[in-house]
Amino acid sequence: MARHNLEERAEKTLRDTEGYRVPVPIHLVAQRLNLTLEAAALGDKVSGMLVVEGDQGAIGYNSAHARVRQRFTISHEIAHYLLHARRSGKAQLFIDKQITYRRDDQSSAGVNREEIEANQLGAALLMPRGLVRQEIRAQDLDLDDSEAIDLLAKRFQVSTAAMSNRLQNLRLLAYEN
């Protein structure tokens, strides 16, 4: 799915679930999408998982991870639910073993389209384009200042790395060499 369509899908999903605000109440968004959430000890290599059967699903996320990472994992699994699940009547399982919102060998090479899309939609759900721009204007932030990016990350309850990547993808921040 094209990035523009993912941005629109995120905005629509957040408005339909009454989650279009800062910070995005990702737990509420999941609940309104008929997804249950459960924190669990998933080990060192698993960030989260999604089980879908019919119109219902369950997201498990790693209880040992930092809260900002848990939020991204949940949004990533919601993205799988919206984009990739429910294509058949059979139960489906998605397990994410890679660190979310960081590029692994496959996603940086563009090999795993579903993971790339889930990362993009997950980021758009947690850091909606319109709300990011609104916060930058309202706070009169200079994005050349790392403290401004830290402030945005705190407001959206995401990691600084996730916010930096999002700002780059929105072309609001220049790519670093």
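Tutor: Keep in mind that this is a predicted model. Val 51 is partly exposed, with a relative accessible area of 39%.

Student: Where is Val 51 found, and which residues make a nonpolar surface patch with Val 51?

Tutor: Val 51 sits in strand β2 (residues 48-53). Together with Leu 93 and Ile 95, Val 51 makes a nonpolar surface patch of about 250 Å².

Student: On to salt bridges. How many does the structure hold?

Tutor: There are 6 salt bridges. One of them joins Glu 7 and Arg 166, with the closest N and O atoms 2.7 Å apart. Glu 7 is in helix α1 (residues 3-16) and Arg 166 in helix α8, so this pair ties together parts 159 residues apart in sequence.

Student: Are Glu 7 and Arg 166 buried or exposed?

Tutor: Both Glu 7 and Arg 166 are buried.

Student: What about Glu 135 and Arg 155?

Tutor: Their side chains meet in a salt bridge, 3.0 Å from N to O. Glu 135 belongs to helix α6 (residues 129-138) and Arg 155 to helix α7, so the link spans 20 residues in sequence. Glu 135 counts as buried at 6% relative accessibility, whereas Arg 155 is partly exposed at 32%.

Student: How do the axes of α7 and α8 cross?

Tutor: The axes of α7 (residues 146-156) and α8 (residues 160-169) come within 9 Å and cross at roughly 105°. That makes α7 roughly perpendicular to α8. Residues making the contact include Ile 149 and Phe 156 of α7, and Met 163 and Leu 167 of α8.

Methods:
Residues are numbered from 1 along each chain as its sequence is written. This is a predicted model: local features need pLDDT of at least 70, side-chain atom pairs count only at pLDDT 80 or more; totals for chains, interfaces and linings use all residues. Side-chain values use heavy atoms; hydrogens and water are left out. Patches are made of residues with over 30% relative accessible area and no salt bridge: like charges are joined within 9 Å, nonpolar side chains (Val, Leu, Ile, Met, Phe, Trp, Tyr) within 5 Å. Accessible areas come from the Shrake-Rupley method with a 1.4 Å probe; for residues, only the protein chains shown count as cover. A salt bridge is a side-chain nitrogen of Lys or Arg within 4 Å of a carboxyl oxygen of Asp or Glu. Helices (H or I, at least four residues) and strands (E, at least two) are DSSP runs, numbered from the N terminus. Buried means under 20% relative accessible area, exposed over 50%, partly exposed in between (1.4 Å probe, protein chains only). Axes are lines fitted to C-alpha atoms, for helices over the stretch in contact, and angles run from 0 to 180 degrees between N-to-C directions. Angles under 35 degrees count as roughly parallel, over 145 as roughly antiparallel, 65 to 115 as roughly perpendicular and the rest as oblique. Contact means heavy atoms within 4.5 Å.
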